[in-house]
Amino acid sequence: MSNVRILSGGSLPNIPWQPRSKDDTHDSPVWRYSENPVIPRNPLPGVARIFNSACAPWKDGFIAVFRGEQTNGVPHIYLGKSRDGIHWDIDPEKVPFTDEKGNPFMPHYAYDPRLVQVDDVYYIMWCQDFYGASIGMAATRDFKTFTRLENPFIPFNRNAVLFPRKVHGNYLLLSRPSDSGHTPFGDIWLSRSPDMKFWGMHRHVMSAGPAWWEGVKIGSGAAPIETSEGWLLFYHGASSTCNGLVYSFGAAILDADEPSRVKYRCENFLLTPEEWYEERGFVPNVCFPCAALTDKDTGRIAIYYGAADTYLGLAFTEIDLLVDYIRTHSVVRDSDTEEGNR
Ligand code: BMA
């Protein structure tokens, strides 16, 4: 048992897991699954690549929303089921989104989905065209009907992820205001809603940098994980190089009561591209987390991340190791620790 307790998610004895190899010399407390990538190229007819995707426990196994890049280049969301969280049975049809009356209401494109359960509803959020890149959302209880909700924000915005429970009566959503292209900036923000329809009380959470691996922009990855130390947030950071952007991921811990305040922010990345499937692909040098599974009994965490905009990777950590590392290497600025309202 760890000293730091995972409070969200409950027991998950079947969490995908592989112990850290004794030969692993990384300083980071996060290690890769040795059989990565878990989804290869050309996974479905008409879909060339699956990456940046999210999953959740479902019945006696797991369910996932995948970013599938069709062979015409347009991304959409596909559903998958798995017994073990590693081998996936993927539906070849796109997720059939409808409006509230049950009429088909498909986004023009949809990418980087997150999947978060709040009470007995599963919410999917993704990036889509809303006269420019913005956030789309839908709700499902059964993974058969998927009802689109009001788009939470005007353009431009990406990387939205919901908290797994209401805080002080409000749903909380992290997002990353952006432009409609390959945004050269970006901070993480928090917004609140009493009803998943009207969003406000916006607060700045944290800015890009100062560490070089996250110097250009940052964006939330997995849904925040509630722990006895606060909300654990995995997020990606982009660094500018002579050869384009490099996407790594790191972690921060947000205040339990007022998550716009950052308690700890790890100055080191936890995972950066170095394996062939992270360095070589449609967009080289990308590690982009979108989901994490947790088991409160063992403190185990399994992180799903897109690799090189081509593959899905899996990585592991343990809550006590991770939080120790974050605390030891934490550097916070005023813009992190303040409430984020000016
Ligand atoms: C970001 C997003 C991600 C992608 C990353 C690297 O802007 O579009 O979907 O993984 O770029 O290409």
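The protein has three helices and 22 strands. The model is predicted. Its radius of gyration is 18 Å, which agrees with the value near 20 Å that a compact globule of 342 residues would have. The C-alpha trace spans about 50 × 45 × 45 Å along the principal axes. A ligand is present, and ten named residues around it are listed below, from Asn 52 to Asp 309.

**Overall packing**

- Of the 342 residues in the protein, 51% are buried.
- Among contacts with a separation of 6 or more, 53% are between residues 24 or more positions apart.

**Ligand shell**

- The residues surrounding the ligand are Asn 52, Tyr 111, Asp 112, His 182, Tyr 247, Val 283, Val 286, Phe 288, Gly 306 and Asp 309.
- Sorted by class, the shell holds five nonpolar, three polar and two charged residues.

**The mixed sheet, S6 to S10**

- Five strands make up an open sheet, ordered S6-S10-S9-S8-S7, with mixed pairing.
- Strand S6 (97–98) and strand S7 (110–118) stand at the edges; each has a single partner strand, so one side of each has no neighbour in the sheet.
- Strand S8 (residues 121–129) pairs with strand S9 (residues 133–140) in the antiparallel sense, over eight bridges.
- Within that pairing, Tyr 123 stands opposite Ala 139 in S9.
- Three residues lie between the strands in the S8 and S9 hairpin, where Tyr 131 takes a positive phi near 60°.
- S9 also runs antiparallel to strand S10 (residues 146–148), joined to it by two bridges.
- Ala 139 is opposite Thr 147 in S10, while Ala 138 has Arg 148 of S10 as its bridge partner.
- The hairpin of S9 and S10 has five residues between the strands, and Phe 143 there takes a positive phi near 60°.

**The antiparallel sheet, S11 to S14**

- Four strands form a second open sheet in the order S11-S12-S13-S14, with antiparallel pairing.
- Its edge strands are S11 (157–162) and S14 (200–206), each of which pairs on one side only.
- Neighbouring strands of this sheet are turned by 25° against each other on average, direction ignored.
- Four bridges link S11 to strand S12 (residues 171–177) in the antiparallel sense.
- Two arginines face each other across this pair: Arg 158 stands opposite Arg 176 in S12.

- Strand S15 (residues 217–220) is covered on both faces.
- Lys 217 and Gly 219 are buried on one side, and Ile 218 and Ser 220 are buried on the other.
- In a regular strand, side chains alternate between the two faces of the sheet.
- S15 pairs with strand S17 (residues 230–241) in the antiparallel sense over four bridges.
- The buried Lys 217 stands opposite Ala 238 in S17.

**Asp 91**

- Asp 91 is found in strand S5 (residues 89–94).
- Asp 91 is partly exposed, because 15 other C-beta atoms lie within 10 Å.
- Leaving aside residues up to four places away in sequence, Asp 91 touches Tyr 78, Leu 79 and Gly 80.
- Gly 80 is eleven residues from Asp 91 in sequence, and their C-alpha atoms are 5.9 Å apart.

- Most residues other than glycine have a negative phi, and most peptide bonds are trans.
- Pro 155 and Phe 156 are joined by a cis peptide bond, with omega about 0°. Phe 156 lies in the loop between S10 and S11.
- A cis peptide bond also joins Gly 209 and Pro 210, with omega about 5°. Pro 210 is in the loop between S14 and S15.
- Met 196 has a positive phi near 65°. Met 196 sits in the loop between strand S13 (188–193) and S14.
- Met 196 is partly exposed, because 18 other C-beta atoms lie within 10 Å.
- Ala 308 has a positive phi of about 50°. Its place is the loop between strand S21 (300–307) and strand S22 (311–318).
- Ala 308 is buried, because 25 other C-beta atoms lie within 10 Å.

Methods
Residues are numbered from 1 along each chain as its sequence is written. This is a predicted model: local features need pLDDT of at least 70, side-chain atom pairs count only at pLDDT 80 or more; totals for chains, interfaces and linings use all residues. Two strands pair if DSSP finds at least two bridges between them. Axes are lines fitted to C-alpha atoms, for helices over the stretch in contact, and angles run from 0 to 180 degrees between N-to-C directions. A residue is buried if 20 or more other C-beta atoms lie within 10 Å of its own, exposed if 12 or fewer, and partly exposed in between; C-beta atoms are placed from the backbone. Two residues are in contact if their C-beta atoms, placed from the backbone, lie within 7 Å. A residue is near a molecule or strand if its C-beta atom, placed from the backbone, lies within 6 Å of it. Ala, Val, Leu, Ile, Met, Phe, Trp, Tyr, Cys and Pro count as nonpolar, Asp, Glu, Lys and Arg as charged, and the others, Gly among them, as polar. The radius of gyration is taken over C-alpha atoms; the globule rule is 2.2 Å times the number of residues to the power 0.38.
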